[in-house]
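Subject: Structure handover

Hello,

Here is the structure we spoke about, with the sequence alongside. My notes on what was found in it follow below.

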Amino acid sequence: MDDMTSSSRAGWITGITVTVVLFILPIFLGQLGKTGEYWIWVCTEMIIMALFAMSLNLILGFGGMVSFGHAAFFGVGAYTVALLMKKADFPLYLALAAAPLVAAIAAAIVGWFCVRLLGLYFSILTLAFGQLLYMIVFQWYTFTGGDDGLHGVPRPEILGPVNYYWLCLILFVICFLIIRMIVNSSFGLSIKTIRENMERAKFIGINVRRYQLLNFIIAGAFAGLAGGMLCELNRFAQTEFLHWSKSAEPILASLVGGMYSLAGPAIGSSVLIFLKIFLQQVHRSMVEVWAIVLGVLLLVVVLFAPQGLVGLYQNIFKKSQS
Amino acid sequence: MEQGKFRVLLALVLIVFSATLVVSSNASAADVIKLGFIADVSGIGAPFYKSQKAGLDMFIEEINAAGGIKGKKLELVVRDSQLKPDIGANQARELILSEKCEFLIGPTSSAVALAATKVAKEFKKIIFFHTSNAEALTTTAFQPYMFQVVPNTGIEGRGMAVVLSKKPFKKYSLIGPDYAYGHDQLNSFKSEMAKRRPDVEILDTVWVKLGESNFSTFIPTLMAKKPEAIDAAFWGSQLSAFIKQAKPYGVFKDAPVSSLFDLDMLRSTGSDMPEGLTGYARAPFYAIDTPQMKEFVKKYYDKNKEWPADWAIMAYDGMIALTEAMKKADSTESEKVVDVLGGLKFNSLRGERYIRAEDHMANVGIYSGVTTKSPDYKEFLIMKDVQAVPAEEVWLSVEEVQKRQSEQK
Amino acid sequence: MLLEVQGINTYYGLSHILFDVSIQVDRGEVVVLLGRNGAGKTTTMRSIMGLTPPKTGKVIFDGKDVTGVAPYKVARIGIGFVPEDRRIFPDLTVRANLDVGLRKTKGKTSWTIDRIYQLFPRLKELANRRGGNLSGGEQQMLTIARTLMGSPDLILLDEPSEGLAPIIVKALGEFIDLLKREGTTVLLSEQNVKFSLKHSDRAYIVDNGHIKYQGTIEELEKDEDVKKRYLAV
Amino acid sequence: MSEAILSIENLSKSFEGNQVFNNISFLVEPGELSAIIGPNGAGKTTLFNLITGALVPDEGKIIFEGRNIVGMEPFDIVRLGMARAFQRTNIFPRMTVLENIVITIITRLKGNLGFVKHWNSSDRIRKKAFEILESVGLADKASHQSGTLAHGNQKRLDIGVALALEPKLLLLDEPVAGMSPEERWETVELVKELWNRMKITMVYIEHDMDIVFGISQKVRVLCYKTLLAEGPPHEISANQQVIEAYLGEEV
Amino acid sequence: MTWQLFVFMLINGLCQGMLLFIIASGLSLVFGVLRVINFAHGSLYMIGAFLAYSLSTILAGESLMGFLILLMIVPPAIAIIGFVLEVSLFRRVYRQEHLLQLLLTYALVLILDDLVRVIWGGEPRSVTRPDLLAGSVNIFGMALPSYNVFILIVGPLIAFGLWFLLYRTRTGNIIRAAVSYPDTLGALGVNVSWVMTSTFMLGCWLAGFGGVLTAGLSNIDLGMGMQTIIECFAVVVIGGLGSVGGALLGSLIIGTGLTFFQLPFGRWALVFPYALMALVLVVRPWGFFGKPER
């Protein structure tokens, strides 16, 4: 951090390299036929879930607030796309633009109540609201399809798997840059200030609740976009998207990846998805015990490496340097 | 400095990734026909899974022993969708792309089926439903690569209305699981009953979350309006739990309950099953009197040391139709098999059946009867006075089917 | 020597609080640690008790090394700790508060609830009152009584006079004298110089985590320089 | 006599039935450097909490520059020009020293939100931040993580953060608590110098009587739920009541 | 609605509430002393239910004695599992931030739930009610299952037992003291980590007890833990985190509420616990019986 210019240059080079690799990946995968198509699909999902994890981390890592209801906004985004495209014949780009807006509205309403509470109580209230939204979507059979979900979301002809992958990648890169900008802006610094010491933040003149609410809304909007993207990828929206166990996914991803870094949650999320599929390829029975593997991994992270993979990498890096 | 590290890391990631790719692309062998089985292994569908699997395994064993199809052996690849549509859809995709399955066969839950059929359509792969039976699959969600060899919710709901309309009850309460299957089933029942018996009154419909097995808050509500009879659209262990819990609430004393009395449910309910309830089954082995069935039941019993449930029989029937079509088309390509399947006649365990070309629905009806204890089967009750309600009597007319199919988006 | 603190260094997180603090307390003595707020008196007591174990140095009690031993074991060996902020269990009645402190000790006369009531008749009157509803003076009485229930050989009193009305402070002083007569050893920490000097045998002055002075009360009384420098007198 | 910058009128506060203080009133003159002393538990910190809006009084008014600020949120009061430094070090530990100061300046200057520009992109703000760091002697540690600073430096940073708000009134809660004797006097010198140079009104709580009587223009004694005495140091140190209640008897 | 029906539904709802109370009180108790919200409480409850199922197949479970034996064996077994978990894992995170605590217990949920799947398979199970509890009793001409009556008797007994333990014994005093100032309690010679371990075991015992009762009431399956833990959250939030009395109130409100709202609102009744939970948190975050935390 002390050497701003060199570390940010390294960051840019890393970022551009990764982006280029990701952009040319489908060309390589395309040679593999069906297997390749499957992996393009998996990579698209990874990108979307990475965005979801990053959106949560705006509140979790940077804001220091543990939300157990973040999936609600992810789900709201998904249902927005599904409903608009299925029932109102919206084009995809408009539906994808609406998803973060609707999710932001939902986040504004929920957040207005939640940011009044601290710590554990905040977590439980987000859980309560998340479950409340889940239940509403679940019970409103005529509108949301209830337990069946909404299927057959249309897909524009032009968007084959590869094109959709590229679309998601472009959206992801844009979102990444926006999130990076927000985190480094004076607003982002204010949010960190609140995380570090909420009481003191008030005494340097920061309107804590308003900043937290704004952050909550921004995070909700990105989650909504991710939800919309996943909805279009799967071509359906489903109540599970709002369930609290879905909220746990980006938390795990952030923790595994490292929640005090920008890319940590995205890395964590991708690693987890990849690991699951990797284990499945190694042996089919691994799917049955996937939750055990994930649980043990999580225990190890909680007990021995609370800074996550990025923290681990930095530690090793620092050690080898000195 | 950091870049060097980073390059190593990136290279490492790429190596692991490529290794996985190589592993996964080698997963398929050329001399087998893979059937992707999206199952509901856990939860309320679990007992069904066992029976379906036993039926499928038996069929595959037999046909492979007879040389397979065009020399290729059949192989089953199983996934557990846990009754969750999103998981089911992802698995359908994974089975087609990564496992290279030629055909998909059916989930238990209709919600999963509705999700999976879309994937099958997208990749133009045949999906065969032998258990999940939403009527929507053949109408509003119809797509040419799907086939249904199980009586669908419309056939069942209307079929039960036909049966019950002959009974004296005038006040019904309905209860069912809150998802596609329950909704379709009870709506079909209501509309057919209204047609046949305008004097019948539906007092209340109680919706229960799929998988919920504690009925303590639902049963008093169900009984509050004092119905004369109850039509329940539960299945599997949810139905079994409902019956067990309804008994001490005195439900059966006040109002008989009708529902899907399949063998697995009867088995798991055991002696808690009241006698004298009118219900239906999809394929009761004890009541179907065809030579194929007799042979099947014997073989099945010898192999598994238990009687074949409806699910085993329907899964087996589904495989008969599918392999028959493959042989006729002399191909395993979906496009060609689809063409043969539409209108295909096949010799099922339930007798001669055909698949209607317009909606890819087999003409399978329901079997209705009254529960009773039987000296032949000690562990469970069976139905007596079983009457078949043929599909032709209650399924949708071709015009109706086409109308609904055209409403589809 | 009943208690020997040998050159302990204690940290809160990264900040170094105590620097080579050494204290001796003989059986039957009343010893006072004098010093301003934040001088390290409370930390010394917490270090003895094992609540914030010292990083280096030793705490020897009755010949046994108790450095870094869990607080409950230290208490069972015979050290009673009366915390500065009293920490009365607010949801428990006075009686229950005393009951929690009860500890049967082998071989010596134990304190019983009746003896405590004899000593503090007021507590008997309040027996069924919730601890959270007591006044400051009553709470101070209760917290001392609660610690006595464990029949300690040594009792650590952390700023007992803080926030009490002068008349209560006077009663407290008399009580400390009584404890001494009963044979209980007392290590006191105080800001109130006048009070401390009146009821103690020896004094240590703590400042910024260092022991700046040690000696008998008589010696301290005579040392004008020390008093001026550290006690703002 | 100039108009008071802060006037406390008939202030009362109690917690769950325990009265902390009852009906206290006093005036703070612009430009004064004054101390509040009193035994532990007398409510000194509570008084600061009330003035800065962290707590709401049961009764009474707090007039800051002619405006009753009772019921206002702390961040609004800060914007009126009142800053505070804390007894326990209270900075943003996982942020750098520079970030600590810069975010404070940004908050004061803009009052609105910046999402786009990097927080460190304004030369003007950075220059200002370094000026403040210079004045509290931390300029060479700007890029250190503030949580890793020595205790004394954290206190300085805490004061620096308060200064970055360019307050008209600065409340310091035990500015030298927990410092070594050398650090103490350095800090005292710093406070005094800042006061001289910046002409900020300063009120501080302190236990070290040498410091209190050494630098204050005025001393207020909070004891027995009331303001026991108020006056220049020499008067207070001679006040019989204060001696009895707090300072201890003259030997 | 006739008043007979009203009373009938009330009794039925109270029975639901009592069952919920037995499980939720354990969660609340553990939170009170350990300050950890234990997501895995639901999993332990589920393990209790499945253990009861396995044992019932061994002990021909149709006799009342057999069922009582289940109630005597299974809860202590769960308490022992709790002991292992507390000593090996929970103890290490008491002083950590609450995110890590939550994630530790969530990791346990993942592991334990999957272990249940591996051990018992995915099939729903049930325990046959003993003959004596299989029938029903007549209330205003309506049949109420004897088993529900049994729960209605056992629930208050457990509540009374907990009350007695917490408010009438020295152990209870120590547990309540540990809620306020564990450090001080340690300085008084009480082995606080053992108090925490035992409290955790007691919480697990209650989860196991609830599991056995549920096994006789309805089907048990893999989803039951997840579903119940969220209901328990609602209960303890409504009653006040850490308060056993609050858990009782919260359970009864949710139990009766679900029963009564079913009639007019149908499927929307299921929204009620979450709506109430959110409402309570917004209006009075510390619940009915809890205390505000600073």
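Contact here means heavy atoms within 4.5 Å. By that rule chain B and chain C do not touch, and their nearest C-alpha atoms are 30 Å apart. Chain D and chain E do not touch either; for them the nearest C-alpha atoms are 12 Å apart. Please keep in mind that this is a predicted model.

Chains A and E

Six pairs of chains are in contact, and of these, chains A and E share the most contacts. On the chain E side 40 residues take part, and they meet 43 residues of chain A. Together the two chains bury about 3800 Å², with 84% of that area on carbon and sulfur atoms. Within chain E, the residues that lose the most area to chain A are L99(E), L103(E) and Y274(E), which together make up 14% of what that side buries. How many salt bridges cross the interface of chain E and chain A? The rule finds zero there.

Salt bridges

Over all chains, the count of salt bridges comes to 57. One between K53(B) and D57(B) joins their side chains at 3.1 Å, N to O. Both residues belong to helix α2 of chain B (residues 46-65), where K53(B) and D57(B) are four residues apart, about one turn of the helix.

Helix packing in chain B

Helix α5 (residues 153-164) of chain B packs against helix α6 (residues 180-196) of chain B at about 40 degrees, and their axes are 7 Å apart. Because of that angle, α5(B) is oblique to α6(B). The crossing of α5(B) past α6(B) is right-handed. Residues of α5(B) in this contact include G154(B), M160(B) and L164(B), while those of α6(B) include Y181(B), F189(B) and R196(B). Sorted by class, the contact of α5(B) with α6(B) has seven nonpolar, five polar and five charged residues.

Helix packing in chain E

In chain E, helix α1 (residues 3-34) and helix α11 (residues 244-265) cross at roughly 140 degrees, and their axes come within 6 Å. The angle therefore makes α1(E) oblique to α11(E); the cut-off for roughly antiparallel is over 145 degrees. α1(E) passes α11(E) in a right-handed crossing. By class, 16 nonpolar and 10 polar residues make up the contact of α1(E) with α11(E), with no charged residues.

Regards

Definitions and conventions:
Residues numbered from 1 in each chain as written. Chains lettered and ligands numbered in written order. Predicted model: local features only at pLDDT ≥ 70, side-chain atom pairs only at ≥ 80, totals over all residues. Heavy atoms only, no water. Axes fitted to C-alpha atoms, helices over the stretch in contact; angles between N-to-C directions. Helix = DSSP H or I, 4+ residues; strand = E, 2+ residues; numbered from the N terminus. Parallel < 35°, antiparallel > 145°, perpendicular 65-115°, else oblique. Left-handed = near helix turned anticlockwise from the far one by under 90°. Nonpolar A, V, L, I, M, F, W, Y, C, P; charged D, E, K, R; others polar. Buried area = accessible area lost by both parts, 1.4 Å probe. Salt bridge = Lys/Arg side-chain N within 4 Å of Asp/Glu carboxyl O.
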